[in-house]
Each structure stands twice: as C-alpha cells, then as structure tokens.
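Subject: Structure handover

Hi there,

Here is the structure I promised to pass on to you. Please have it open while you read the notes that follow.

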Amino acid sequence: MRFGFHLFMVDPAEHQAIARTADQCGWDSIQVADAPFFPEDISVPYPYTPDGKRFWPLDTPVLDPWVAITNMAAVTERIRFMPSVLRLAVRQPLLEAKSLFSVAAVSNDRVALGVGLAWMPEEFKWLGQDKRTRGARQDEAIQVLKLLMRGGFVEFHGRYYDFDRLIMAPVPGRKIPIYVGGTTTAALRRAARLGDGWVSVIHNLDEAAGVIAEVNGFRREYGRENEPFEIMMHCPDAETVDDIRRLEDLGVTDLQTTPWTERILAEMGVGASMRQQPPLQAKLEAVKRYADEVIAAFA
C-alpha cells in the first residue's frame, strides 16, 4: 500500500514545506487540483455534495497544476505528484502532453496523471469545447498522450484530434501512468479500457468492495484483467492499520488521505474537512504522525 494526500484549499505558500516533510517521511504521492476558474454562478448543481452547492470559497487560490507540481518537485527527491484530476476534456492534448512531459523531465519522472471529465457547462462554453462530446474526446486524448509517450515521429487520425507525423521531445524516461477518475459506469469503463489505474472520489469501507469488483469486471470484459492496474482510493473511515489492510486485500494500491483533517472528513464530510485548515505547523506534525503511526506499518 502506498499513501498520498491532496492539497486542494491549502495555501500555495505552504506547498513546498508540506512536500519536503512528506518526502522525508515516506509518503508516496501528492495530488493537486485543476481548476482554471470558478464561475460566480453555475447552471447545474455541484455533483459531489448532497445539496449541490460548492463547499469552497470561490476566491480560493488554485495554482495551475503543472506550476504547483514543478514548485514542489524542485525541493523534493522521491515523492510523486499528480493532477487529480486534470480536466482533459476541456484541454488540447498536444499542449497538455508538452506540459506533462516537461514536468516529467524536471522532476526525474516523478509524475503521474489523473484525468477526468469537467462537469461545469460554463467551462466548456467559455473554453470553446463541446460538452456533448466530452467522453469521446477524452478517450482520444488519452490515446494521444500514450502515443506521444513512445517517442519518435507519430501521427494520429481520430474523429476529434487529427495530426500528421510530428515529434515531441523530451519524452518521459519511463511510462507515465494515467489514472482515470470518476464514479459513473462510463468512467469506470473508461478506466478499465484505457487507464493504467482508477482514482476514486470518496468511498467508505462498505462501498469499496462493490465498486472495485465493478471496475475489475470491466477489466475482464476488455481482456485487461492480467495487465498491471492501480486503484487509488480515498476512504476516510479506513482509520486503522487493519482497515487499510482490508482495502489492500481488495486491490487498493494507493490510499489517499488528508492527515490533518481526516477525522473531520469522516464525521462531517469533505466540505467541512477542507474548510478546517489548521496552521502549517499542525499540518507538518500531522504528516509526520501519520507516517509514524500508519505508513511505517506497511514499510
């Protein structure tokens, strides 16, 4: 089992100190958000809260994920970084490949990629993309990224992305894993068909077995059950080493937690947990304490 956490709603001025501490304590990964902008008003409910309301202040500072990752990679040695999730359906895959490969080059390949479908109609409208084709375009974009990772001259002729022979350099020294995010059947199928892994939103222990079995069923359907596949899950009620070993036995490879707010998350939900941001020193102590009490048991 590997361990990571997300930095959404954490002051960017704290990123380097947190990353250095996590790197030294044996954490495996840090995730960062992708949010180009927040509309003042949105035309659909937010899909991940019961009341459909966004739980964060709209002026929350969110760095471009590639800037945030480069900033932390510069002061660390071994920990991995990942956008979770990159709104690939509103982005041009050739340009994203250039950013991804550039960050891989300056971080010694300590980067993974989480991708997902943007959900706000305003993002598609204002960025000039068609929301109706987002799933099919993301499928092609994942294929483009994988093709470019091979290096050398490549070409691609899809329905939505079309280019003749071109070369992009540098390419990563090793394959960058692509984790597909989402909880819908379509998202789970996409992860099983195209992903190197699946990244969940939030599931409790009672839900984990069912959703993992569903993903694995789709992998068998696509003939990929024997290929390497990673499952990155946020399970806030997995509080003990025994709980985490249960998840490991189910096939979870990476547990995502927020060590400075996890109890709040389990009791009050994601919105309350992210709003309860303690001082930097308390965060650093929580990162160290979790490593000593939990991560060490899996070393």
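**Salt bridges and other findings**

Let me begin with Arg245, which is partly exposed at 34% relative accessibility (buried means under 20% relative accessible area, exposed over 50%, partly exposed in between, with a 1.4 Å probe and protein chains only). Before going on, please note that this is a predicted model, in which local features need pLDDT of at least 70 and side-chain atom pairs count only at pLDDT 80 or more, while totals for chains, interfaces and linings use all residues. Residues are numbered from 1 along each chain as its sequence is written, and side-chain values use heavy atoms, with hydrogens and water left out.

Arg245 forms a salt bridge with Glu248, with 3.9 Å between the closest N and O atoms (a salt bridge is a side-chain nitrogen of Lys or Arg within 4 Å of a carboxyl oxygen of Asp or Glu). Both residues lie in helix 8, three residues apart, about one turn of the helix (helices are DSSP runs of H or I with at least four residues, strands are E runs of at least two, and both are numbered from the N terminus). Glu248 is also partly exposed, at 28%.

The whole structure holds 16 salt bridges. One of them pairs Arg2 with Asp254, the closest N and O atoms being 2.8 Å apart. This pair links distant parts of the chain, since Arg2 is in strand 1 and Asp254 in strand 11, 252 residues apart. Arg2 is partly exposed at 26%, whereas Asp254 is buried at 0%. Shared partners join Arg2, Asp28, Arg80, Glu230 and Asp254 into one salt-bridge network.

Another salt bridge, also 2.8 Å from N to O, connects Arg87 and Glu123. Here strand 4 (residues 86-87) supplies Arg87 and helix 4 (residues 121-126) supplies Glu123, 36 residues apart. Both Arg87 and Glu123 are buried.

**Helices**

Helix 7 (residues 205-221) packs with helix 8 at an angle of about 10 degrees, their axes being 10 Å apart (axes are lines fitted to C-alpha atoms, for helices over the stretch in contact, and angles run from 0 to 180 degrees between N-to-C directions). The two helices are therefore roughly parallel (angles under 35 degrees count as roughly parallel, over 145 as roughly antiparallel, 65 to 115 as roughly perpendicular and the rest as oblique). Leu205, Ala208, Ala209 and Ile212 of helix 7 make the contact with Asp243, Arg246, Leu247 and Leu250 of helix 8 (contact means heavy atoms within 4.5 Å).

In helix 11, the buried residues are Lys283, Leu284, Ala286, Val287, Tyr290 and Ala291. Seen down the helix axis, they fall within an arc of 160 degrees, so they line one face of helix 11 (the arc is that of the directions from the helix axis to the C-beta atoms). Asp292 and Glu293 are exposed on the other side of helix 11. Strand 1 (2-6), helix 1 (15-25), helix 8 (241-250) and strand 11 (254-256) are among the elements covering the buried residues.

**Backbone details**

Two cis peptide bonds are worth a look. The bond from Ser84 to Val85 is cis, with omega near -10 degrees, and Val85 sits in the loop between strand 3 (80-83) and strand 4. The bond from Ala169 to Pro170 is cis too, with omega near 0 degrees.

Met9, which is not a glycine, has a positive phi of about 75 degrees, and Met9 counts as buried at 14%. Asn108 likewise has a positive phi, near 60 degrees, but Asn108 is exposed at 59%.
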